[in-house]
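Subject: Structure handover

Hello,

Here is the structure for you to look through. My notes on what was found follow below it.

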Amino acid sequence: MEKESLKDKKRPMKKNVKRMILKGTIWFAVLLLVFGLMLVIWHFFKDNILTVDYKLKDYITNYMINDNNTKFMKIISLFGSKYTLIVIMVIGCIFMYKRRYSIFLALNLFVVYISGYVFKHIACRPRPSLSLIAETGYSFPSGHVMCSTAFYGMLLYFIFKYVKSIPFRWILSFVISLLVVFIGISRLYLGVHHLSDVIGGFILGGIVLIMFISMAKEYFKEDK
């Protein structure tokens, strides 16, 4: 009887995994499709996009740069670096390992980082010529923004499932959401990305986030 009951418990989980993989595959296809569409848009409207990019860069350079802003933006930008995200991911996994959320948090960061790396090498867009910090690699999409959107968004999803205090949930949501927005602003301010790079990072990172949230919802459906 015990063996039969164990089998019964495993069956819905197997169904969940199959549906989870299906949803993940669909959203990954959407991710590739949207990235391909971005390349097409860049090909046909490159001059228009660059005009907007350069106008914003000139405005930031002429009116916003000062020592205090630069120090602040450098600190904010660190929260989007792969090293900071890895540290936060490890801490999050330690706190959530009993609830099986940790595997989704780790996979989220891995997938979004690899996807961003591959996309950069497909687009091969050079970075802006003048910047306040040294950066290597290609520009589109912004890796900091793409990874931060997907990773911090996933962290927020689990905070809403894991944290019982409603006021604390909303405070964390506000702070983390504001942080992600400012990471995008910091990359523009520091001159290491164009506006189109940052927008692309938000969109692609958002798709990765939706992909993992839909997969997590499917996987944990029987836990409700």
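Is Asp-197 buried or exposed? At 0% relative accessibility, Asp-197 is buried (buried is under 20% relative accessible area, exposed over 50%, partly exposed in between, with a 1.4 Å probe and protein chains only).

Two points on the source. This is a predicted model, in which local features need pLDDT of at least 70 and side-chain atom pairs count only at pLDDT 80 or more, while totals for chains, interfaces and linings use all residues. Residues are numbered from 1 along each chain as its sequence is written, and side-chain values use heavy atoms, with hydrogens and water left out.

Asp-197 and its surroundings

Asp-197 sits in helix H7, residues 195-219 (helices are DSSP runs of H or I with at least four residues, strands are runs of E with at least two, and both are numbered from the N terminus). Its side chain makes a polar contact of 2.3 Å with the side chain of Ser-139 (a polar contact is a pair of N or O atoms within 3.5 Å; within protein, one must be able to donate a hydrogen and the other to accept it, and residues adjacent in sequence count only if both atoms are side-chain atoms). Leaving aside residues up to four places away in sequence, Asp-197 touches Arg-125, Ser-139, Phe-140, Pro-141 and Ser-142 (contact means heavy atoms within 4.5 Å).

Two of these residues, Phe-140 and Pro-141, are joined by a cis peptide bond with omega of about -10 degrees. Pro-141 belongs to the loop between H4 and H5. Cys-124 is in the loop between H4 and H5 too, and has a positive phi of about 55 degrees although it is not a glycine.

Ser-142 caps the N-terminal end of H5, with a side-chain oxygen 3.3 Å from the backbone nitrogen of Val-145.

In H3, the buried residues are Leu-85, Met-89, Gly-92, Cys-93 and Met-96. They cover an arc of only 100 degrees around the axis, so they lie on the same side of H3 (the arc is that of the directions from the helix axis to the C-beta atoms). These buried residues pack against H5 and helix H4 (102-123). On the other side of H3, Tyr-83, Ile-94 and Phe-95 are exposed.

Aromatic pairs

There are eight aromatic pairs (rings of Phe, Tyr and Trp, the last by its six-membered ring, pair if their centres lie within 6.5 Å; planes under 30 degrees apart count as stacked, over 60 as edge-to-face and the rest as tilted). The ring centres of Phe-72 and Phe-182 are 6.0 Å apart and their planes are at 85 degrees, so this pair is edge-to-face. The pair links distant parts of the chain, 110 residues apart, with Phe-72 in helix H2 (residues 67-78) and Phe-182 in helix H6 (residues 166-189). Phe-72 is partly exposed at 40% relative accessible area, and Phe-182 is partly exposed at 27%.

Cysteines

The whole structure has zero disulfides (a disulfide is a pair of cysteine sulfur atoms within 2.5 Å). For Cys-93, the closest cysteine sulfur is that of Cys-147 at 15 Å, too far for a bond. For Cys-124, the closest is also in Cys-147, at 18 Å, again too far. Cys-93 is buried at 15% relative accessible area, whereas Cys-124 is partly exposed at 36%.

Regards
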